[in-house]
Amino acid sequence: MAHEAEDKAREESAKASQKTKETAADADKKASEASSKASEKAKEFSEYASEKGEELSKDASNNYDKAKKKAARNYREGKEEAKEKGNELSRNRDNPVVVGNALIIGLGSAALGFWGYQKHAKGELSWEVAGITAAAVSAFAVGDYYLSQYLFKEKFPKK
């Protein structure tokens, strides 16, 4: 009976050992498959990221080129417009309206600056005074604009 129990224990031990080996082999196989799948996914992601990076790089390059062309075009247009305005001013330099406006702007700016400095030096310059002065200058500018337009149209046309 002891001998039978010993044989049965050896048999069970052999079965357990075999089962452990099978389970270990199965786990090793599954780990290898999982590793292969992970490597494959990593490679796919790497390729995808590389493609997206190249795509974004091309888009950025295209956008940069477009912006550069637009900036160059705007620069040329602005330069041409400034040249045109300068030529218009040059053509009309003997027009009394242009001369009068130039004098008003020059003398008015100097007088306003001197007056503002005096107020500041006396400590009388406040936001209220500055606001009232800005409103007066704005009202004068609007009146000057409409008077100039009238004079350009009726008395001293632009060249």
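A: Begin with what covers a helix. This is a predicted model. The buried residues of α3 have a cover that includes α2.

Q: Which residues of α3 are buried?
A: T133, S148 and F152 are buried in α3.

Q: How do I describe two packed helices?
A: Use the angle between their axes and the distance between the axes. Here, take helix α2 (residues 96-122) and helix α3 (residues 127-154). Their axes come within 11 Å and cross at roughly 175°. An angle over 145 degrees counts as roughly antiparallel, so α2 and α3 are roughly antiparallel to each other.

Q: Which residues make the contact?
A: From α2, the contact uses V97, V98, N101, I104, L112 and W115. From α3, V129, T133, V137, F140, D144, S148, L151 and F152 take part. Sorted by class, this contact has 10 nonpolar, 3 polar and 1 charged residues.

Q: Which residues of α2 are buried, and what do they pack against?
A: V97, V98, N101 and G116 are the buried residues in α2. They pack against α1 (2-91) and α3.

Q: Is N101 buried or exposed?
A: Check the relative accessibility against the cut-off: under 20% means buried. N101 has 17%, so N101 counts as buried. N101 sits in helix α2. Setting aside neighbours within four places in sequence, N101 is in contact with D144 and S148.

Q: What caps the N-terminal end of α2?
A: Look for a side chain that approaches a backbone nitrogen at the helix end. In this case, N95 is the cap. A side-chain oxygen of N95 lies 3.0 Å from the backbone nitrogen of V97.

Q: Where is N95 placed, and what does N95 touch?
A: N95 lies in the loop between α1 and α2. N95 counts as buried because its relative accessibility is 5%. Not counting residues up to four places away in sequence, N95 touches F152, F156, P157 and K158.

Q: What comes just after α2?
A: Check the backbone angles there. G123 takes a positive phi of about 80°.

Key:
Residues numbered from 1 in each chain as written. Predicted model: local features only at pLDDT ≥ 70, side-chain atom pairs only at ≥ 80, totals over all residues. Heavy atoms only, no water. Axes fitted to C-alpha atoms, helices over the stretch in contact; angles between N-to-C directions. Helix = DSSP H or I, 4+ residues; strand = E, 2+ residues; numbered from the N terminus. Parallel < 35°, antiparallel > 145°, perpendicular 65-115°, else oblique. Contact = heavy atoms within 4.5 Å. Nonpolar A, V, L, I, M, F, W, Y, C, P; charged D, E, K, R; others polar. Buried < 20%, exposed > 50% of the residue type's maximum accessible area, 1.4 Å probe, protein only. Polar contact = N/O pair within 3.5 Å; in protein donor to acceptor, adjacent residues only side chain to side chain.
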